[in-house]
Amino acid sequence: MRKVRKTSFTAVASVIVVSGALIITSMAQAKPPRSETQVAQERAALMTAVAKGDDLWHSAKLGNNGLACANCHPDGSASNVHTWPKFQTNLGKVGTLREMINWCIAVPMQGRILESDSEEMIAMEAYATFTHRGVAIAPAKDEQHGAVPVKSGPGYPRH
Amino acid sequence: MNKISRRQFLGMTTKAGAATMFAGIFAPSASSMLGLGGVAEAATKKIKPFTFAVLTDAHLYDIADHKFDHILEKAVADVNSIKPRPDFVLYAGDLGQSGKKAELVKGKKILDKLKMPYKIIPGEHDYYLDMGKAWRKLFGDEHWSFNHNGVHFIGMNSILVPDFWTLKKLTPKERMHMMEELECHNCGAWGVGEKQLNWLARDVRRVSPDTPVVIMTHSPLWDYYPRWNFQTYDAPEIREILRKFDKVISIHGHVHQVVYNEIDNMRSCGLLSTSWPWPYPPVELEYPHIIQRRADPGDFEDGLGGHDIALNADFDAIVHWREFSDLLPDNIKKGLKV
(Lines give C-alpha, C1' and ligand atoms only; values in the text may rest on other atoms or scores of the structure.)
Protein backbone atom coordinates (compact mmCIF):
# COMPACT_ATOMS: atom_id res chain seq x y z
CA MET A 1 0.00 0.00 0.00
CA ARG A 2 2.78 2.36 0.99
CA LYS A 3 4.67 1.58 -2.18
CA VAL A 4 1.62 2.29 -4.29
CA ARG A 5 1.22 5.66 -2.65
CA LYS A 6 4.81 6.57 -3.28
CA THR A 7 4.50 5.66 -6.95
CA SER A 8 1.30 7.64 -7.16
CA PHE A 9 2.93 10.65 -5.58
CA THR A 10 5.73 10.54 -8.13
CA ALA A 11 3.17 10.28 -10.89
CA VAL A 12 1.21 13.26 -9.58
CA ALA A 13 4.38 15.26 -9.21
CA SER A 14 5.44 14.48 -12.76
CA VAL A 15 2.03 15.44 -14.10
CA ILE A 16 2.23 18.79 -12.36
CA VAL A 17 5.85 19.43 -13.30
CA VAL A 18 5.32 18.43 -16.91
CA SER A 19 2.12 20.45 -17.25
CA GLY A 20 4.07 23.44 -16.01
CA ALA A 21 6.93 22.68 -18.33
CA LEU A 22 4.61 22.43 -21.32
CA ILE A 23 3.42 25.96 -20.77
CA ILE A 24 6.78 27.42 -19.83
CA THR A 25 8.74 25.93 -22.71
CA SER A 26 6.93 28.19 -25.12
CA MET A 27 8.46 31.17 -23.33
CA ALA A 28 11.82 29.95 -22.12
CA GLN A 29 14.19 27.03 -22.11
CA ALA A 30 14.37 24.69 -19.15
CA LYS A 31 16.77 25.93 -16.50
CA PRO A 32 19.99 23.95 -16.36
CA PRO A 33 20.70 21.29 -15.27
CA ARG A 34 17.33 20.13 -16.67
CA SER A 35 18.28 19.32 -20.21
CA GLU A 36 15.99 19.15 -23.20
CA THR A 37 16.28 15.37 -22.95
CA GLN A 38 14.97 15.46 -19.41
CA VAL A 39 12.07 17.67 -20.38
CA ALA A 40 11.31 15.30 -23.25
CA GLN A 41 11.41 12.35 -20.89
CA GLU A 42 9.06 14.06 -18.50
CA ARG A 43 6.67 14.80 -21.30
CA ALA A 44 6.88 11.18 -22.45
CA ALA A 45 6.02 10.06 -18.90
CA LEU A 46 2.90 12.21 -18.98
CA MET A 47 1.92 10.89 -22.39
CA THR A 48 2.26 7.33 -21.10
CA ALA A 49 -0.19 8.24 -18.33
CA VAL A 50 -2.51 9.90 -20.87
CA ALA A 51 -2.45 6.78 -23.06
CA LYS A 52 -3.18 4.57 -20.06
CA GLY A 53 -6.01 6.90 -19.09
CA ASP A 54 -7.35 6.81 -22.64
CA ASP A 55 -7.48 3.01 -22.50
CA LEU A 56 -9.23 3.02 -19.13
CA TRP A 57 -11.63 5.74 -20.27
CA HIS A 58 -12.67 3.45 -23.14
CA SER A 59 -12.78 0.26 -21.10
CA ALA A 60 -15.99 -1.40 -20.02
CA LYS A 61 -14.00 -3.24 -17.34
CA LEU A 62 -14.35 -0.40 -14.83
CA GLY A 63 -18.09 -0.95 -14.78
CA ASN A 64 -20.45 -3.88 -14.61
CA ASN A 65 -23.11 -3.03 -17.17
CA GLY A 66 -21.08 -2.76 -20.35
CA LEU A 67 -20.66 1.01 -20.17
CA ALA A 68 -17.35 2.85 -20.36
CA CYS A 69 -16.68 6.50 -19.52
CA ALA A 70 -16.37 7.14 -23.26
CA ASN A 71 -19.98 6.08 -23.90
CA CYS A 72 -21.12 9.50 -22.67
CA HIS A 73 -17.79 11.34 -22.79
CA PRO A 74 -16.12 10.78 -26.19
CA ASP A 75 -12.66 12.40 -26.35
CA GLY A 76 -13.16 13.25 -22.68
CA SER A 77 -15.91 15.73 -23.66
CA ALA A 78 -18.32 17.00 -21.04
CA SER A 79 -16.00 15.96 -18.23
CA ASN A 80 -15.59 19.73 -17.90
CA VAL A 81 -12.17 19.36 -16.31
CA HIS A 82 -11.72 23.13 -16.23
CA THR A 83 -14.66 23.64 -13.84
CA TRP A 84 -13.55 21.47 -10.89
CA PRO A 85 -13.60 21.58 -7.91
CA LYS A 86 -17.22 22.74 -7.75
CA PHE A 87 -20.49 21.98 -6.01
CA GLN A 88 -21.96 18.98 -7.77
CA THR A 89 -25.55 18.04 -6.96
CA ASN A 90 -25.08 14.30 -7.25
CA LEU A 91 -22.01 14.45 -4.99
CA GLY A 92 -23.91 16.70 -2.57
CA LYS A 93 -20.84 18.83 -1.86
CA VAL A 94 -17.94 20.67 -3.38
CA GLY A 95 -16.09 17.82 -5.02
CA THR A 96 -13.24 17.08 -7.37
CA LEU A 97 -13.00 15.64 -10.86
CA ARG A 98 -11.69 12.42 -9.33
CA GLU A 99 -14.75 12.16 -7.10
CA MET A 100 -16.97 12.72 -10.12
CA ILE A 101 -15.11 10.02 -12.07
CA ASN A 102 -15.67 7.64 -9.17
CA TRP A 103 -19.34 8.62 -9.00
CA CYS A 104 -19.70 7.79 -12.70
CA ILE A 105 -17.99 4.44 -12.16
CA ALA A 106 -20.19 3.62 -9.14
CA VAL A 107 -23.59 4.87 -10.34
CA PRO A 108 -24.14 4.91 -14.13
CA MET A 109 -21.50 2.20 -14.71
CA GLN A 110 -22.30 0.15 -11.58
CA GLY A 111 -18.64 -0.59 -11.00
CA ARG A 112 -16.16 -0.53 -8.11
CA ILE A 113 -14.61 2.83 -7.37
CA LEU A 114 -10.88 3.44 -7.72
CA GLU A 115 -8.52 4.61 -5.01
CA SER A 116 -8.45 8.35 -5.41
CA ASP A 117 -4.65 8.45 -5.69
CA SER A 118 -4.25 5.23 -7.64
CA GLU A 119 -2.22 5.13 -10.83
CA GLU A 120 -5.44 4.37 -12.73
CA MET A 121 -7.30 7.40 -11.41
CA ILE A 122 -4.36 9.71 -12.08
CA ALA A 123 -4.09 8.33 -15.60
CA MET A 124 -7.79 9.02 -16.21
CA GLU A 125 -7.42 12.53 -14.86
CA ALA A 126 -4.36 13.02 -17.07
CA TYR A 127 -6.31 11.87 -20.14
CA ALA A 128 -9.38 14.02 -19.47
CA THR A 129 -7.21 17.03 -18.68
CA PHE A 130 -5.03 16.58 -21.74
CA THR A 131 -8.09 16.49 -24.01
CA HIS A 132 -8.94 19.95 -22.66
CA ARG A 133 -5.49 21.49 -22.92
CA GLY A 134 -5.66 25.23 -23.47
CA VAL A 135 -9.22 25.59 -22.11
CA ALA A 136 -9.33 28.41 -19.55
CA ILE A 137 -9.83 27.33 -15.96
CA ALA A 138 -13.34 28.40 -14.92
CA PRO A 139 -14.41 27.01 -11.54
CA ALA A 140 -18.11 26.09 -11.38
CA LYS A 141 -18.82 27.47 -14.86
CA ASP A 142 -22.23 26.09 -15.65
CA GLU A 143 -21.55 25.18 -19.21
CA GLN A 144 -20.63 22.03 -21.03
CA HIS A 145 -17.31 22.30 -22.81
CA GLY A 146 -16.17 20.15 -25.66
CA ALA A 147 -12.70 18.68 -25.72
CA VAL A 148 -10.04 20.14 -27.96
CA PRO A 149 -11.13 19.49 -31.57
CA VAL A 150 -9.51 16.41 -33.04
CA LYS A 151 -9.23 15.71 -36.73
CA SER A 152 -8.13 12.10 -36.59
CA GLY A 153 -6.08 9.62 -34.59
CA PRO A 154 -6.06 9.55 -30.80
CA GLY A 155 -5.83 13.33 -30.55
CA TYR A 156 -2.39 13.27 -28.94
CA PRO A 157 1.01 11.82 -29.77
CA ARG A 158 0.84 8.15 -28.84
CA HIS A 159 3.42 5.27 -28.80
CA MET B 1 -56.61 8.78 -40.00
CA ASN B 2 -55.42 6.52 -42.69
CA LYS B 3 -54.41 3.34 -40.93
CA ILE B 4 -52.37 0.73 -42.71
CA SER B 5 -51.77 -2.78 -41.58
CA ARG B 6 -48.32 -4.26 -41.07
CA ARG B 7 -48.89 -6.59 -44.01
CA GLN B 8 -49.86 -3.75 -46.38
CA PHE B 9 -46.93 -1.66 -45.20
CA LEU B 10 -44.34 -4.36 -45.66
CA GLY B 11 -45.95 -5.43 -48.94
CA MET B 12 -45.52 -1.97 -50.34
CA THR B 13 -41.88 -1.96 -49.43
CA THR B 14 -41.20 -5.34 -50.97
CA LYS B 15 -42.83 -4.37 -54.25
CA ALA B 16 -40.88 -1.13 -54.45
CA GLY B 17 -37.69 -3.05 -53.77
CA ALA B 18 -38.36 -5.60 -56.51
CA ALA B 19 -39.18 -2.90 -59.05
CA THR B 20 -35.97 -1.01 -58.40
CA MET B 21 -33.91 -4.18 -58.54
CA PHE B 22 -35.29 -4.98 -61.98
CA ALA B 23 -34.83 -1.46 -63.26
CA GLY B 24 -31.30 -1.54 -61.92
CA ILE B 25 -30.06 -3.87 -64.65
CA PHE B 26 -30.27 -1.12 -67.23
CA ALA B 27 -29.77 1.82 -64.91
CA PRO B 28 -26.97 4.30 -65.48
CA SER B 29 -24.37 4.75 -62.76
CA ALA B 30 -24.94 7.28 -60.04
CA SER B 31 -22.24 9.58 -61.39
CA SER B 32 -23.91 9.83 -64.78
CA MET B 33 -27.15 10.72 -63.05
CA LEU B 34 -25.62 13.59 -61.13
CA GLY B 35 -26.61 17.03 -62.21
CA LEU B 36 -29.50 15.83 -64.37
CA GLY B 37 -32.11 16.68 -61.77
CA GLY B 38 -31.81 20.43 -61.59
CA VAL B 39 -33.55 22.55 -59.01
CA ALA B 40 -37.25 22.00 -58.60
CA GLU B 41 -39.38 25.07 -59.09
CA ALA B 42 -42.85 23.58 -58.81
CA ALA B 43 -44.62 23.64 -55.46
CA THR B 44 -44.72 20.39 -53.57
CA LYS B 45 -47.54 18.06 -54.43
CA LYS B 46 -50.42 17.96 -51.95
CA ILE B 47 -50.32 14.99 -49.61
CA LYS B 48 -52.78 13.34 -47.28
CA PRO B 49 -51.77 14.55 -43.80
CA PHE B 50 -50.46 12.00 -41.34
CA THR B 51 -48.07 11.49 -38.45
CA PHE B 52 -45.20 9.05 -38.11
CA ALA B 53 -42.93 8.36 -35.15
CA VAL B 54 -39.17 7.82 -34.97
CA LEU B 55 -37.02 6.01 -32.42
CA THR B 56 -33.29 5.35 -32.49
CA ASP B 57 -30.06 4.42 -30.70
CA ALA B 58 -31.21 2.04 -27.97
CA HIS B 59 -27.71 0.48 -27.69
CA LEU B 60 -29.05 -2.64 -25.99
CA TYR B 61 -26.53 -4.86 -24.24
CA ASP B 62 -26.70 -8.62 -23.93
CA ILE B 63 -27.23 -8.19 -20.19
CA ALA B 64 -30.53 -9.15 -18.59
CA ASP B 65 -32.66 -6.36 -17.15
CA HIS B 66 -30.29 -3.65 -18.39
CA LYS B 67 -31.41 -0.06 -17.82
CA PHE B 68 -31.40 0.64 -21.59
CA ASP B 69 -34.01 -2.12 -22.09
CA HIS B 70 -36.39 -0.21 -19.83
CA ILE B 71 -35.75 3.10 -21.56
CA LEU B 72 -36.56 1.60 -24.98
CA GLU B 73 -39.67 0.01 -23.50
CA LYS B 74 -40.69 3.40 -22.13
CA ALA B 75 -40.14 5.03 -25.55
CA VAL B 76 -42.22 2.32 -27.27
CA ALA B 77 -45.04 2.84 -24.75
CA ASP B 78 -44.79 6.59 -25.32
CA VAL B 79 -45.11 6.16 -29.11
CA ASN B 80 -48.08 3.84 -28.58
CA SER B 81 -49.76 6.60 -26.55
CA ILE B 82 -49.49 9.28 -29.28
CA LYS B 83 -52.89 10.51 -30.46
CA PRO B 84 -53.80 10.41 -33.23
CA ARG B 85 -51.85 7.22 -33.65
CA PRO B 86 -48.81 7.48 -35.95
CA ASP B 87 -49.26 5.54 -39.20
CA PHE B 88 -45.90 3.84 -38.73
CA VAL B 89 -42.60 4.09 -36.90
CA LEU B 90 -39.08 4.47 -38.31
CA TYR B 91 -36.04 3.22 -36.41
CA ALA B 92 -32.71 4.92 -37.28
CA GLY B 93 -30.14 2.31 -36.19
CA ASP B 94 -28.00 1.14 -33.25
CA LEU B 95 -30.64 -1.09 -31.75
CA GLY B 96 -27.81 -3.17 -30.24
CA GLN B 97 -24.44 -2.15 -28.79
CA SER B 98 -21.96 -4.88 -29.79
CA GLY B 99 -23.64 -6.40 -32.84
CA LYS B 100 -24.70 -9.54 -30.98
CA LYS B 101 -27.71 -11.43 -32.23
CA ALA B 102 -29.07 -11.59 -28.67
CA GLU B 103 -29.09 -7.78 -28.48
CA LEU B 104 -30.96 -7.47 -31.77
CA VAL B 105 -33.43 -10.22 -30.84
CA LYS B 106 -34.10 -8.47 -27.54
CA GLY B 107 -34.56 -5.17 -29.37
CA LYS B 108 -36.93 -6.68 -31.92
CA LYS B 109 -38.99 -8.16 -29.13
CA ILE B 110 -39.41 -4.70 -27.61
CA LEU B 111 -40.04 -2.97 -30.96
CA ASP B 112 -42.65 -5.59 -31.80
CA LYS B 113 -44.71 -4.10 -28.97
CA LEU B 114 -45.33 -1.08 -31.19
CA LYS B 115 -48.98 -0.97 -32.18
CA MET B 116 -48.07 0.16 -35.69
CA PRO B 117 -45.70 -1.24 -38.34
CA TYR B 118 -42.09 -0.10 -38.30
CA LYS B 119 -39.18 0.12 -40.72
CA ILE B 120 -35.57 0.03 -39.60
CA ILE B 121 -32.03 0.64 -40.84
CA PRO B 122 -28.77 -0.58 -39.28
CA GLY B 123 -26.24 1.43 -37.27
CA GLU B 124 -22.57 0.56 -36.82
CA HIS B 125 -23.28 -1.04 -33.45
CA ASP B 126 -25.70 -3.48 -35.09
CA TYR B 127 -23.34 -4.41 -37.84
CA TYR B 128 -19.62 -4.98 -37.48
CA LEU B 129 -19.58 -8.26 -35.56
CA ASP B 130 -21.00 -10.29 -38.47
CA MET B 131 -21.24 -7.55 -41.14
CA GLY B 132 -24.98 -7.26 -40.69
CA LYS B 133 -25.85 -10.95 -41.08
CA ALA B 134 -27.96 -11.27 -37.93
CA TRP B 135 -29.52 -7.88 -38.54
CA ARG B 136 -30.58 -8.75 -42.11
CA LYS B 137 -32.02 -12.04 -40.96
CA LEU B 138 -34.20 -10.24 -38.44
CA PHE B 139 -35.08 -7.09 -40.34
CA GLY B 140 -34.47 -7.59 -44.07
CA ASP B 141 -32.96 -5.07 -46.49
CA GLU B 142 -30.46 -2.45 -45.32
CA HIS B 143 -31.93 0.07 -47.73
CA TRP B 144 -35.51 0.47 -48.89
CA SER B 145 -38.11 2.93 -50.06
CA PHE B 146 -41.88 3.13 -49.93
CA ASN B 147 -44.62 5.63 -50.65
CA HIS B 148 -47.14 6.66 -48.07
CA ASN B 149 -49.97 9.18 -48.57
CA GLY B 150 -47.99 10.86 -51.34
CA VAL B 151 -44.64 11.01 -49.52
CA HIS B 152 -41.62 9.03 -50.74
CA PHE B 153 -39.72 7.49 -47.81
CA ILE B 154 -36.12 6.29 -48.19
CA GLY B 155 -33.95 4.40 -45.70
CA MET B 156 -30.24 3.73 -46.28
CA ASN B 157 -27.28 2.12 -44.53
CA SER B 158 -24.80 4.98 -44.02
CA ILE B 159 -22.27 3.23 -41.77
CA LEU B 160 -20.20 1.39 -44.38
CA VAL B 161 -16.42 1.83 -44.12
CA PRO B 162 -13.61 0.46 -46.30
CA ASP B 163 -12.09 -2.76 -44.98
CA PHE B 164 -9.65 -1.86 -42.17
CA TRP B 165 -9.65 -5.31 -40.57
CA THR B 166 -8.37 -7.86 -43.13
CA LEU B 167 -4.80 -6.55 -43.40
CA LYS B 168 -4.61 -6.16 -39.64
CA LYS B 169 -6.00 -9.69 -39.24
CA LEU B 170 -8.59 -8.51 -36.74
CA THR B 171 -11.16 -10.96 -35.41
CA PRO B 172 -14.83 -9.98 -35.88
CA LYS B 173 -14.96 -9.18 -32.17
CA GLU B 174 -11.91 -6.90 -32.40
CA ARG B 175 -13.39 -5.18 -35.44
CA MET B 176 -16.67 -4.65 -33.62
CA HIS B 177 -14.88 -3.39 -30.53
CA MET B 178 -13.06 -0.75 -32.56
CA MET B 179 -16.25 0.38 -34.27
CA GLU B 180 -17.97 0.65 -30.89
CA GLU B 181 -15.80 3.64 -30.04
CA LEU B 182 -17.23 6.89 -31.30
CA GLU B 183 -13.73 8.29 -31.69
CA CYS B 184 -12.28 5.15 -33.31
CA HIS B 185 -8.77 6.05 -34.40
CA ASN B 186 -8.47 3.77 -37.40
CA CYS B 187 -11.95 2.93 -38.66
CA GLY B 188 -12.32 5.62 -41.30
CA ALA B 189 -15.25 7.70 -42.47
CA TRP B 190 -18.67 6.17 -43.05
CA GLY B 191 -20.78 6.35 -46.13
CA VAL B 192 -23.49 4.55 -48.09
CA GLY B 193 -21.10 3.44 -50.83
CA GLU B 194 -21.44 3.33 -54.60
CA LYS B 195 -23.91 0.44 -54.71
CA GLN B 196 -26.44 2.28 -52.61
CA LEU B 197 -25.82 5.54 -54.48
CA ASN B 198 -26.69 3.71 -57.71
CA TRP B 199 -29.75 2.24 -56.04
CA LEU B 200 -30.86 5.67 -54.81
CA ALA B 201 -30.43 7.23 -58.26
CA ARG B 202 -32.57 4.47 -59.77
CA ASP B 203 -35.09 4.63 -56.96
CA VAL B 204 -35.90 8.32 -57.40
CA ARG B 205 -35.50 8.46 -61.19
CA ARG B 206 -39.22 8.16 -61.82
CA VAL B 207 -40.33 10.01 -58.72
CA SER B 208 -41.54 13.45 -59.81
CA PRO B 209 -39.69 16.49 -58.41
CA ASP B 210 -42.81 17.81 -56.67
CA THR B 211 -42.98 14.67 -54.50
CA PRO B 212 -42.24 15.21 -50.80
CA VAL B 213 -39.28 13.07 -49.75
CA VAL B 214 -38.16 11.86 -46.31
CA ILE B 215 -34.79 10.12 -46.06
CA MET B 216 -33.52 8.32 -42.96
CA THR B 217 -29.88 7.40 -42.34
CA HIS B 218 -27.97 6.56 -39.20
CA SER B 219 -25.42 9.35 -39.60
CA PRO B 220 -26.06 12.97 -40.62
CA LEU B 221 -26.05 13.80 -44.34
CA TRP B 222 -23.83 16.81 -43.69
CA ASP B 223 -20.36 17.41 -42.24
CA TYR B 224 -21.09 18.05 -38.59
CA TYR B 225 -18.08 16.56 -36.75
CA PRO B 226 -16.30 13.96 -38.90
CA ARG B 227 -14.09 12.91 -35.98
CA TRP B 228 -17.14 11.22 -34.41
CA ASN B 229 -18.57 10.18 -37.76
CA PHE B 230 -21.16 12.90 -37.38
CA GLN B 231 -21.00 12.81 -41.18
CA THR B 232 -21.57 10.60 -44.22
CA TYR B 233 -18.69 10.88 -46.67
CA ASP B 234 -20.85 10.53 -49.75
CA ALA B 235 -23.62 12.79 -48.44
CA PRO B 236 -22.80 15.38 -51.16
CA GLU B 237 -23.65 12.74 -53.80
CA ILE B 238 -26.85 11.81 -51.95
CA ARG B 239 -27.88 15.47 -51.73
CA GLU B 240 -27.12 15.89 -55.43
CA ILE B 241 -29.30 12.92 -56.38
CA LEU B 242 -32.13 14.34 -54.26
CA ARG B 243 -31.56 17.91 -55.46
CA LYS B 244 -34.37 17.72 -58.00
CA PHE B 245 -36.99 17.57 -55.25
CA ASP B 246 -38.70 20.64 -53.92
CA LYS B 247 -38.05 19.66 -50.30
CA VAL B 248 -36.31 16.74 -48.63
CA ILE B 249 -36.50 16.05 -44.92
CA SER B 250 -33.51 14.12 -43.61
CA ILE B 251 -33.72 12.44 -40.22
CA HIS B 252 -30.73 10.76 -38.65
CA GLY B 253 -29.70 8.96 -35.48
CA HIS B 254 -26.14 8.55 -34.19
CA VAL B 255 -25.77 12.03 -32.68
CA HIS B 256 -27.94 11.31 -29.59
CA GLN B 257 -29.03 14.95 -29.51
CA VAL B 258 -31.25 17.66 -30.91
CA VAL B 259 -29.48 19.28 -33.84
CA TYR B 260 -30.70 20.91 -37.06
CA ASN B 261 -29.24 21.99 -40.36
CA GLU B 262 -30.32 23.07 -43.84
CA ILE B 263 -28.36 22.55 -47.02
CA ASP B 264 -30.04 23.46 -50.32
CA ASN B 265 -33.39 21.64 -50.39
CA MET B 266 -32.52 19.32 -47.48
CA ARG B 267 -33.54 19.95 -43.88
CA SER B 268 -31.82 17.66 -41.40
CA CYS B 269 -32.94 16.75 -37.92
CA GLY B 270 -30.79 14.90 -35.39
CA LEU B 271 -32.64 12.55 -33.08
CA LEU B 272 -32.67 11.69 -29.39
CA SER B 273 -31.42 8.30 -28.30
CA THR B 274 -32.87 6.00 -25.69
CA SER B 275 -29.45 5.21 -24.18
CA TRP B 276 -27.33 8.28 -23.32
CA PRO B 277 -27.15 11.86 -24.61
CA TRP B 278 -23.98 13.04 -26.32
CA PRO B 279 -22.33 16.38 -25.68
CA TYR B 280 -22.21 18.82 -28.57
CA PRO B 281 -18.90 18.49 -30.42
CA PRO B 282 -16.46 21.42 -30.44
CA VAL B 283 -17.81 23.10 -33.57
CA GLU B 284 -20.11 26.06 -34.10
CA LEU B 285 -23.70 25.02 -34.77
CA GLU B 286 -25.52 26.43 -37.80
CA TYR B 287 -28.73 26.65 -35.76
CA PRO B 288 -27.54 27.15 -32.18
CA HIS B 289 -31.08 27.78 -30.88
CA ILE B 290 -32.21 24.30 -31.94
CA ILE B 291 -30.50 22.29 -29.23
CA GLN B 292 -31.23 20.51 -25.99
CA ARG B 293 -29.92 21.64 -22.64
CA ARG B 294 -27.34 19.76 -20.58
CA ALA B 295 -28.46 16.51 -19.06
CA ASP B 296 -28.22 15.74 -15.36
CA PRO B 297 -25.87 12.75 -15.02
CA GLY B 298 -27.87 11.60 -11.99
CA ASP B 299 -31.04 11.21 -14.07
CA PHE B 300 -30.64 8.25 -16.43
CA GLU B 301 -33.55 9.37 -18.60
CA ASP B 302 -32.43 12.95 -19.03
CA GLY B 303 -31.92 13.99 -22.63
CA LEU B 304 -33.48 10.81 -24.02
CA GLY B 305 -36.77 10.16 -25.79
CA GLY B 306 -38.56 9.53 -29.06
CA HIS B 307 -40.12 11.66 -31.78
CA ASP B 308 -43.25 12.25 -33.75
CA ILE B 309 -43.34 14.07 -37.05
CA ALA B 310 -46.66 15.43 -38.29
CA LEU B 311 -47.00 16.26 -41.98
CA ASN B 312 -49.73 18.54 -43.32
CA ALA B 313 -51.11 18.69 -46.87
CA ASP B 314 -48.31 21.08 -47.97
CA PHE B 315 -45.56 18.86 -46.52
CA ASP B 316 -44.92 21.26 -43.67
CA ALA B 317 -43.54 19.04 -40.96
CA ILE B 318 -43.76 19.59 -37.24
CA VAL B 319 -40.86 17.68 -35.73
CA HIS B 320 -41.50 16.99 -32.09
CA TRP B 321 -38.63 15.75 -29.92
CA ARG B 322 -40.47 13.84 -27.20
CA GLU B 323 -37.79 14.27 -24.55
CA PHE B 324 -38.63 12.41 -21.35
CA SER B 325 -37.41 15.29 -19.18
CA ASP B 326 -37.47 19.04 -19.58
CA LEU B 327 -34.33 19.81 -21.55
CA LEU B 328 -35.78 21.47 -24.64
CA PRO B 329 -35.64 25.26 -24.98
CA ASP B 330 -39.04 26.98 -25.31
CA ASN B 331 -38.70 27.59 -29.06
CA ILE B 332 -38.86 23.87 -29.88
CA LYS B 333 -40.83 22.53 -26.92
CA LYS B 334 -43.96 22.23 -28.99
CA GLY B 335 -42.10 21.11 -32.07
CA LEU B 336 -40.07 22.65 -34.85
CA LYS B 337 -41.63 23.56 -38.17
CA VAL B 338 -39.42 22.03 -40.84
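Some housekeeping. What you see is a predicted model, where local features need pLDDT of at least 70, side-chain atom pairs count only at pLDDT 80 or more, and totals for chains, interfaces and linings use all residues. Residues are numbered from 1 along each chain as its sequence is written, while chains are lettered from A and ligands numbered from 1 in the order in which they are written.

Chain B has a mean of 89, and 87% of its residues reach 70 or more. Over residues 10-42 of chain B, though, the pLDDT is below 50, and that stretch has 42 contacts beyond near neighbours in sequence. A contact here means two residues whose C-beta atoms, placed from the backbone, lie within 7 Å. Residues 1-8 of chain B also stay under 50, and the model gives them eleven contacts beyond four places in sequence.

Now chain A. Its secondary structure comes to five helices and two strands, in the order α-α-α-β-β-α-α from the N terminus. Those are DSSP runs numbered from the N terminus: helices are H or I with at least four residues, strands are E with at least two. Of the 159 residues in chain A, 36% count as buried. Buried means 20 or more other C-beta atoms within 10 Å of the residue's own, exposed means 12 or fewer, and partly exposed is in between, with C-beta atoms placed from the backbone. And among contacts in chain A between residues at least 6 apart in sequence, 62% join residues at least 24 apart.

Confidence in chain A is lowest in helix α1, residues 2-24, with a mean of 43, and highest in α4(A), at 98. Residues 1-25 of chain A stay under 50, and they have 26 contacts beyond four places in sequence.

Back to my opening pair. The axes of helix α2 (residues 36-57) and helix α5 (residues 119-130) of chain A come within 7 Å and cross at roughly 95 degrees. The axes are lines fitted to C-alpha atoms, for helices over the stretch in contact, and angles run from 0 to 180 degrees between N-to-C directions. Under 35 degrees counts as roughly parallel, over 145 as roughly antiparallel, 65 to 115 as roughly perpendicular, and the rest as oblique. Among the residues that meet are A:Leu46, A:Val50 and A:Trp57 from α2(A), and A:Ile122, A:Tyr127 and A:Phe130 from α5(A). By class, this contact has eleven nonpolar, one polar and three charged residues. Nonpolar covers Ala, Val, Leu, Ile, Met, Phe, Trp, Tyr, Cys and Pro; charged is Asp, Glu, Lys and Arg; the others, Gly among them, are polar.

α5(A) has another partner. Helix α4 (residues 97-106) of chain A packs with α5(A) at about 105 degrees, with their axes 10 Å apart, so α4(A) and α5(A) are roughly perpendicular too. Here A:Leu97, A:Arg98 and A:Ile101 meet A:Met121, A:Met124, A:Glu125 and A:Ala128.

How many of the ten residues of α4(A) are buried? Seven, so to speak a mostly covered helix. They include A:Met100, A:Cys104 and A:Ile105, and the buried residues pack against α3 (69-72), β1 (86-88), β2 (93-95) and α5 of chain A.

On to chain B, with ten helices and twelve strands. Of its 338 residues, 52% count as buried. Helix α3 (residues 67-80) and helix α4 (residues 101-111) of chain B have axes that come within 9 Å and cross at roughly 25 degrees, so α3(B) and α4(B) are roughly parallel. B:Asp69, B:Leu72, B:Glu73 and B:Val76 meet B:Lys106, B:Ile110 and B:Leu111.

Last, the two chains together: 20 residues of chain B are in contact with 23 residues of chain A. The chain B side has twelve nonpolar, four polar and four charged residues.

Technical notes: pLDDT is the predictor's confidence in each residue, from 0 to 100.
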